[in-house]
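Here is a short note to read beside the model. Please follow the points in order, with the structure open.

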Amino acid sequence: MGRSLKLLRKFAVFCHRWMGVTFCLLFLWWFVSGIFMMYWRMPNVEDADRLLRAQTLDVSRIRISPAKAADIVGAHSAPDHLLLSTFNGRPVYVFDFGAGKSMVNADDGSDVEVFSPELNLRTAAAWTGQAASAAKVETLQEPDQWTVNNFGNIAPVTKYSWPNGEDVYVSEGTGEVVQYTTTASRIGGYLGPVAHWLYFTPLRKNGELWSQIVIWTSGIGTIMSILGLIVGLSFYSPSQRYRHDGVPSSVPYAGQRRLHMIFGLFFGLVTCTWAFSGMLSMEPFPSLSGRGPRRGGARADIVEALHGSEAGVAGFAKLTVQEAVARLDKGFPLKELELATFVGEPVYIARNEKGTRVIPVNGPLAQDVQRARVVTAVRDAVSPVRVDRVQLLTEYDAYYLDRHKEKPLPVLRFELADEGRSRYYVDPSTAELVGTYNSRGWVTRWLYHALHSIDLPWLYRYRPAWDIVVLALMLGGTALCVTSVIIAWQYLGGKFSRRA
């Protein structure tokens, strides 16, 4: 080996050693918390949670028509969303105009404008099913660990806590439950997402500082891993020119260093790719992380075409709410009823925690007719761009997939002949755009999601294949980091002992 190569290797050893001493605990932290993140999410209130805990909608109490409710709130244009649900034990219309919401009681037409402390307490108690009198009440003046991400959008917030560990956060401005945690979900949150994302409240409050810390630490970790691979491969001897316990060996070290090198040769590459893809999650290179078009983006015309010209609330006069609900299966408890449009035609979308039913105002349509109308609407919207292919997917593909299987199936996949080879995924039963992909987002899809989450369709389809593969890699990386911590402790201990 030439002198220059020896100097280069010596420099790589020096840098890798001190980077390892500095960041070994952080990398161990990331691997262990990554294992928890496989199965624990950040506590959050999803639509499915709301539907699960919502009361069954009592349509017999509805006395106000959608058109009358729109007059009460002064809706001069069609809302972005119009829902019928239950609030404070009463059926209500919820008008969502994008910039804000308005609520009208559907039984007597009164506005719901003031959310008193007593009302918010009842809302929180109904969410948990516990006695309101047992709750501890706290008004949040600043974000805590579980509201730090969106506190500005939901404040002011009141937190209601029960002795069994349930915490419910209610927005004083909207009366909605905006966060819910339990003792178990908080422990899982701390051990998983909070630890993994360095999502601690004092740091996360300063978004720019938090972002830079994550980017730089993961970037330095990537370099550290690359240097470790270089060092390991340069010392590895296929001809076994070293000796270990009196026998030929390919690895020159003993003890923890030997284990570290062996683990590094097996798991160093995945450690490097995980550090790098973790950095990409923060989008340090915006020009490379172009996302596919989405609602409100470059192809908002597709969304408009799928819903068609706004029918407005007047379009629902032909079929009253009671008549629409009467068409539902007897075994379908209604939790929420959305007044929407399907390619220009008014439809009621009935939901509960188990599924969705679509009730067209102007009469039912066969599935093939519904799909044909969706296809025609998308083709017209993207014209003059050509739609190369339309396919009905009954399984997830490489660009539309979900480990938790919560995204709807089947969906129509549209492949466009545009510059970005765009793909659009549309739920043919509701005409909702549920997924997009554009070739400009290949960095996000393959260098972040594929490398970091190993979200490959085959592994997701045949679970627990994904669990076995990811757990094996995570445990291997954890073992590598454990040896790093031990070596760093020994190295620093030796330094201090000699100095003493």
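1. Start with a cut-off. A residue is called buried when its relative accessible area is under 20%, exposed when over 50%, and partly exposed in between. Keep in mind that this is a predicted model.

2. Now apply the cut-off to one pair. R413 has 7% relative accessibility, so R413 counts as buried. E415 has 14%, so E415 counts as buried too. The side chains of R413 and E415 meet in a salt bridge, 3.1 Å from N to O.

3. Look around that pair. R413 and E415 belong to a network of salt bridges that also links R389, D397 and R423. Side chains of opposite charge can pair when their charged atoms come close. The structure holds 22 salt bridges.

4. Next, see R351 and E336. Their closest N and O atoms are 3.2 Å apart, and the two form a salt bridge. This pair links distant parts of the chain: R351 lies in strand β12, E336 in strand β11, and 15 residues separate them. Are R351 and E336 buried or exposed? Both are buried.

5. Stay with strand β12, residues 345-352. Strand β12 pairs with strand β13, residues 355-360, in the antiparallel sense over 6 bridges. A hairpin of 2 residues joins β12 to β13. Which residue in β13 is the bridge partner of Y348? It is I359.

6. Finish with R463 and D467. They form a salt bridge, with the closest N and O atoms 2.7 Å apart. R463 is partly exposed, because its relative accessible area is 33%. D467 is at 9%, so D467 counts as buried.

Notes. Residues are numbered from 1 along each chain as its sequence is written. This is a predicted model: local features need pLDDT of at least 70, side-chain atom pairs count only at pLDDT 80 or more; totals for chains, interfaces and linings use all residues. Side-chain values use heavy atoms; hydrogens and water are left out. Two strands pair if DSSP finds at least two bridges between them. Helices (H or I, at least four residues) and strands (E, at least two) are DSSP runs, numbered from the N terminus. A salt bridge is a side-chain nitrogen of Lys or Arg within 4 Å of a carboxyl oxygen of Asp or Glu. Buried means under 20% relative accessible area, exposed over 50%, partly exposed in between (1.4 Å probe, protein chains only).
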